[in-house]
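Please look over the sequence and the model below.

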Amino acid sequence: MAFDFLSAYASSDAPFYVSGQATPTLTEAPTQVTLRFSPGVVIDSSAASLSSVSVRRSGRGGDAFGPSGSFADTAVEFGSILVDDAPNQNQIVIRFKDTL
């Protein structure tokens, strides 16, 4: 899948990371992620298309991603994945099955 714009959403006003400032500590795991693509894009909502989306996390807290990490990366299971309703058909909403 190719895309040219992707964003993340957090329900608090604190940013994930700002250069030159201390990184805030997140105390609550996200329950969902919204992938927002360029305006005007309409995403195919077929199961075959949405099955190509995946999320991975590191093996445990503080562990690096990829082969250099000491623990294997882990696939995150979805509770649901769907294309948002009109007029937001350029968004995919992923709800996680378990707490991250």
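Start at Val 83, whose bridge partner in S5 is Ile 92. Strands here are DSSP runs of E with at least two residues, helices are runs of H or I with at least four residues, and both are numbered from the N terminus. This is a predicted model, in which local features need pLDDT of at least 70, side-chain atom pairs count only at pLDDT 80 or more, and totals for chains, interfaces and linings use all residues. Residues are numbered from 1 along each chain as its sequence is written, and side-chain values use heavy atoms, with hydrogens and water left out.

Strand S4 (residues 78-83) and S5 run antiparallel and are joined by five bridges. Two strands count as paired if DSSP finds at least two bridges between them. Strand S1 (residues 32-36) also pairs with S5, in the antiparallel sense, over five bridges. There, Gln 32 has Arg 95 of S5 as its bridge partner. In general, strands of a sheet pair through backbone hydrogen bonds, either parallel or antiparallel.

Now turn to S5 itself. Five of its six residues are buried, so S5 is largely enclosed by the rest of the structure. Buried means under 20% relative accessible area, exposed means over 50%, and partly exposed lies in between (1.4 Å probe, protein chains only).

Which residues make up the largest nonpolar core? It has 10 residues: Leu 35, Phe 37, Ile 43, Leu 50, Val 53, Val 76, Val 83, Ile 92, Ile 94 and Phe 96. Strand S5 (residues 91-96) gives the largest share of this core, three residues. Such a core is a set of buried Ala, Val, Leu, Ile, Met, Phe, Trp, Tyr and Cys residues joined through side-chain atoms within 4.5 Å.

S5 also holds Gln 91. This residue is buried, with a relative accessible area of 7%. Its side chain makes a polar contact with the side chain of Arg 36 (2.7 Å). The Gln 91 side chain makes another with the side chain of Asp 84 (2.7 Å). A polar contact is a pair of N or O atoms within 3.5 Å; within protein, one must be able to donate a hydrogen and the other to accept it, and residues adjacent in sequence count only if both atoms are side-chain atoms.

Next, move to Ser 58. It lies in the loop between strand S2 (56-57) and strand S3 (74-75). Ser 58 counts as buried, at 13% relative accessibility. Its C-alpha atom is separated by 4.5 Å from that of Asp 73, 15 residues apart along the chain.

Finally, step back to the whole chain. It has one helix and five strands, in the pattern β-α-β-β-β-β along the sequence. Of the 100 residues in the chain, 19% are buried.
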